[in-house]
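Have the viewer open as you read.

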Amino acid sequence: MKWDSVFWTKLLVVLLYFGGLFWIGVMASRKIQDMKDFFVAGKKLNYWLVSFSSRATGESAWLLLGLTGMGFAVGMHALWVVLGEVVGVTLCWVFLTQRFKVLTDRYDSITVTDYLSDRVRDTTHVIRILATIILVVFVTSYVSAQFAACGKAFKGFLHIPHHYGVIFGMLIVGFYTVAGGFFAVAWSDLVQGILMLVGLLLIPIVALSYAGGWGTMVNTVGSIDPSLLTVWGKHGFGWAGVLSALALAAVGLGYLGSPQLFVRFIAVKSRKELTNGTWIAVLFTILCDLGAVLAGVAGRALVAPNGALFSQKATLLKDAEQILPIMTNALFPTLLAGLFIAIVLAAIMSTADSLLVLVSSAVVRDTWQKVFRPETSQEQLTKLSRYVTFTLCLVALFPAFSEKSMIFWFVLFAWTGITSAFCPVLILSLYWKGLTRAGVIAGMVTRFFL
Amino acid sequence: MEGLPMSTWILLFFATVPWLLLTFIYVQKVKRVDRERSNSNTDS
């Protein structure tokens, strides 16, 4: 760790960002009157908050570090991820959100499990308990992965030891989430979403200008390896190429029913707000995803001989996910490089905060209030929500101390588990009147164990 | 545009244009339905 002016400037930007989140937490805490405020912001959010919040939560650090790295490693083949994500987000907003909002208002739901339970008239609470178990298992490991990503970001950008980064990340996310509940989550997500959008628009433009413009960049990348410019990548057009493309595009399926995203459609003020939000969500996805892939591809041109990042070629060929940190450090002034640290942390934190509130709502609303203690007062429920959120922070903290590369596998485990347990039953619940309680339970159990 | 193979441009097209078009059609349709609904409520 070098204690020079570059380090202090970057740290100052990060601390300013943390200060902003702290302020959001304090302001939002004044709005929390009851459990409904804590878990769905009193159902008062406008379309800006809901659309940015849903996109910032849907895109974790994977977008900034993973997709830029994929653009660097496999070139234009990574465009299949863009296709998958844009299709998933568009279909979600066009075909699912408004129906879901109408039904959740009709049932006065606060959580996705509330809705599923009421939709199939489950008076035995089996769906609630099952959903809580699934969410606690998968989402806690997802949060852990986000805290570990915080540690990795602090180490990569500022050379601060991993475990300090994990603790900083946990304390900040823990503070504003415990204090301000879903109000704080939505407002911080808006700020974090704007930061991510600005960053992913800026970085490919700067990288392209360093690479000599579009034509030169394409020629340089093509001269390194022509397969980097083709959609089938190094596999070529054949079974391997098609399967690889389908696997990349399948990432977008997760947007069709993940509870951490759908809780926002419960929290929106009215169904009409979602109409305007559709534009923002789709445009955000197109711009951010294309920006990430183009930044990675342009980065590949920059490691060519005479390129601005040639000296980093060996490091990048070993770990392509370092392209964003290396590019920002090399191509941007220190202040902006500091801003990019805040942007990566924003992507991590916007996912972690939403997941914490989601699990907390499953424990407090779906299990404690609905199954065991319906008579608990609103004041006690709000207090309990805060205790549970903080406890979950602590539970998720310890696995995150490990520096082994667990982020990818934890996220894969959690994302697959949550989406496969919830997406099919949620889609069916919106479009199939014949869906039964037994069907929902069978669907969730089967997919949980598979 | 220069440089990229045609298949890459086609993928880029399908990753963006149809979904923007679908969003446009959907938003216009929902707004029209909402407008008609609010008009009929006012009339009655």
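What follows covers the cavities, then a helix pair, then one more helix.

First, the housekeeping: this is a predicted model, so local features need pLDDT of at least 70, side-chain atom pairs count only at pLDDT 80 or more, and totals for chains, interfaces and linings use all residues. Residues are numbered from 1 along each chain as its sequence is written, chains are lettered from A and ligands numbered from 1 in the order written, and side-chain values use heavy atoms, with hydrogens and water left out.

**Cavities**

Searching the whole structure turns up three cavities of 30 Å³ or more. A cavity here is a set of points, on a 1 Å grid over the protein atoms alone, where a 1.4 Å probe fits but cannot get out, and lining residues have an atom within 4 Å of a point. Points are joined across faces, edges and corners, and the volume is the space filled by probe spheres set on them. In the table, Ala, Val, Leu, Ile, Met, Phe, Trp, Tyr, Cys and Pro count as nonpolar, Asp, Glu, Lys and Arg as charged, and the others, Gly among them, as polar.

| Cavity | Volume | Lining residues by class |
|---|---|---|
| Largest | about 60 Å³ | seven nonpolar, one polar and one charged |

The lining of the largest cavity includes A:Arg55, A:Trp93, A:Tyr255 and A:Phe262. The elements giving two or more residues to that lining are α3 (47-58), α5 (79-106) and α11 (259-267) of chain A. Helices are DSSP runs (H or I, at least four residues), numbered from the N terminus.

Around the second largest cavity you'll find A:Thr111, A:Leu135, A:Pro259 and A:Asp366, among others. Here α6 (112-119), α11 and α15 (334-372) of chain A each give two or more residues, and α15(A) has the largest share, with three.

**A helix pair**

α5(A) also packs with α12 (residues 271-302) of chain A, at an angle of about 170° and with the axes 10 Å apart. Axes are lines fitted to C-alpha atoms over the stretch in contact, and angles run from 0 to 180 degrees between N-to-C directions. The two helices are therefore roughly antiparallel (an angle over 145 degrees). Their contact has 14 nonpolar, seven polar and four charged residues.

**Helix α7**

α7(A) (residues 126-158) has 33 residues and spans 47 Å from first C-alpha to last, close to the 48 Å expected (1.5 Å times one less than its number of residues). Of those 33 residues, 25 are buried, meaning under 20% relative accessible area with a 1.4 Å probe, protein chains only. Just after α7(A), A:His159 takes a positive phi of about 60°.

Note on methods:
On a 1 Å grid over the protein atoms alone, a cavity is a set of points where a 1.4 Å probe fits but cannot get out, and a pocket is an open set with protein on both sides within 12 Å along at least five of seven lines; lining residues have an atom within 4 Å of a point. Angles under 35 degrees count as roughly parallel, over 145 as roughly antiparallel, 65 to 115 as roughly perpendicular and the rest as oblique. Buried means under 20% relative accessible area, exposed over 50%, partly exposed in between (1.4 Å probe, protein chains only).
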